[in-house]
Amino acid sequence: MKMDLITSAYVFLLAAFVGLEVIRRVSPLLHTPLMSLTNALDAIAVVGAILLAGAHKTTLSTVLGTIAIVAATSNVVGGFFITDRMLKMFKSSRNPKP
Amino acid sequence: MTSFPAAETIIELTYLVATVLFVMSLKWMSSPATARRGVRAGELGMLLAIAGTLLSREIVDYKWVAIALVLGAIIGIPLGKVQMTAVPQRTALSHAFGACCVTLVGTAEFYLRAPAVPKFMMSVLSMEVILGSLTFTGSLMAAGKLQEILRQRPITFKGQNFVNLGLLLAAIGVAVYLVFNPDQTYLFPVLLAVPLLLGVLMIIPIGGADMPTVISLLNAYAGLSASAMGFVLDSKLLIVAGALDGASGLILSINMSKAMNRSFSNVLFGGFGQEQAAKGGQETRPVRSASPEEAAGILSVAGKVVVVPGYGMAVAQAQHKVRELYDNLTKRGIDVKFAIHPVAGRMPGHMNVLLAEADIPYDKLLDMDEINGDFPQTDVALIIGANDVTNPAARTDAASPIYGMPILDVDKARTVMVIKRSMAAGFAGIENPLYYMDKTLMLFGDAKGFAGSIVRELTGGGNHS
């Protein structure tokens, strides 16, 4: 158990560094879609909620898990949807996309 | 039965692939040319991870999972279809949903594991629910203010910061006690209630102009709480996704606080909205104003025009009229660009999305650092619904509350035109000396109406050149 948490800490730190490096390069032009995209990715928390609701250990855990799935799924669906809608609107004057 | 270990391996592999796809997704966001590929990668990763999870043998009952997934999708679709002007409140709302999910899962995990919760586990679990519940109410408040369901004006009271700090310390104190005494389960609700209250109190003093910073900060909190949840569930995928989201929120918060000239620690500990109330004395110095006809005349003979949009443009829904103006001037061979201040609008990048929606090519939308060198060679700087981000007092007047804030150097252009309803001070209540300069022409009226009148003059009024 203890080693798992240390491994998790490594994963967290490395992911944070990768995140900082990658996201620093995102143009300010796209900061709004960036935020809606990371929000959608963050909703991967839905997998934890699915396991919780599906495992059916106690009534409380099933109820909380089910509500959590609803909340996270709405972020997945809405987040990807609106990010793509926004990005579709960005057109260049040099080579206008269809 | 022998297939079960194989299923576990497949699940872990889908998570691994999803992790890679998530990182690539953000990498492709670096440029508009590849950004949509980034969305595809993210969607694919999400689909894989959810499909993999559904294979898990831990799931004994699919009924509620299925109902919840469908219900979530039904709620998600309208949230993906909101108008572009409503994107800031939608974003705040989605931070609230994400935090809600994390908090509920954390709560359930605590009651499943209690009273035997290892110390480190209890620490990350506390972090998960504290950050989660704080982000939940904080984001709901932010969304309410942006949607104008709640009063937008900051609400302040004496000792606000002490109350907030006290609540935060109380929550941490309870968390520490629970780390050493996880059997005291009756204390857990306190760990939810106190941050829920703190989230409300933190956002109460926030005004509209601070929203870009607040949304970014809530974004960072939401990411960190999800990452903490990954620690609790031992899910590397969730740790990575949360860390990426947290890193993104952190970078945006730092950008926004720099653009507002606030120290990051000031922002981090919720020191928003502490602006001194506006001083009363309204100036009555003379200003020069111009009609749409005069404005059109000046614009039509310009060589280089820079448009500076602000939140006022969004409020007036003037972006499509601005596009018509852009088209008209560009057809005359005039070089038209847009100068975007990082905190223009109500969230990072807000103006870019609104202008892109109005079909203005993104290579004409320039960031503050890219455009500021161009102003001395600019014939006309046309300001539409922006105020404080153009205030030269930020450079020159050490007594001004916004002194030191990076601004768009519009005062260096040959002529400055400002479309504005009246001479009332801006959101922060700060006087803008730009309006009293000799080179400045005030165009009094509604942003949409005035831009439309200029376009009419340009098309109907014949060719002035």
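This is a predicted model: local features need pLDDT of at least 70, side-chain atom pairs count only at pLDDT 80 or more; totals for chains, interfaces and linings use all residues.
Of the contacts in chain A with a separation of 6 or more, 60% are made by residues 24 or more positions apart.

## Fold and dimensions of chain A

Chain A contains four helices and zero strands, and reading along its sequence gives the pattern α-α-α-α.

The radius of gyration of chain A is 18 Å, whereas a compact globule of 98 residues would have a value near 13 Å. The C-alpha trace of chain A, taken along its principal axes, spans about 60 × 30 × 15 Å.

## The contact between chains A and B

To the contact between the two chains, chain A gives 81 residues and chain B gives 97 residues. On the side of chain B that touches chain A, the elements that each give two or more residues are the helices H1 (3-28), H2 (32-54), H3 (63-80), H4 (87-113), H8 (211-233), H9 (236-259) and H14 (350-357), together with strand E3 (365-367), of chain B. The largest share of this side, 16 residues, is supplied by H4(B).

By residue class, the side of chain B that touches chain A divides into 58 nonpolar, 25 polar and 14 charged residues. The size of an interface is often expressed in another way, as the accessible area lost when the parts come together.

Terms used. Residues are numbered from 1 along each chain as its sequence is written. Chains are lettered from A and ligands numbered from 1 in the order in which they are written. The radius of gyration is taken over C-alpha atoms; the globule rule is 2.2 Å times the number of residues to the power 0.38. Two residues are in contact if their C-beta atoms, placed from the backbone, lie within 7 Å. Ala, Val, Leu, Ile, Met, Phe, Trp, Tyr, Cys and Pro count as nonpolar, Asp, Glu, Lys and Arg as charged, and the others, Gly among them, as polar.
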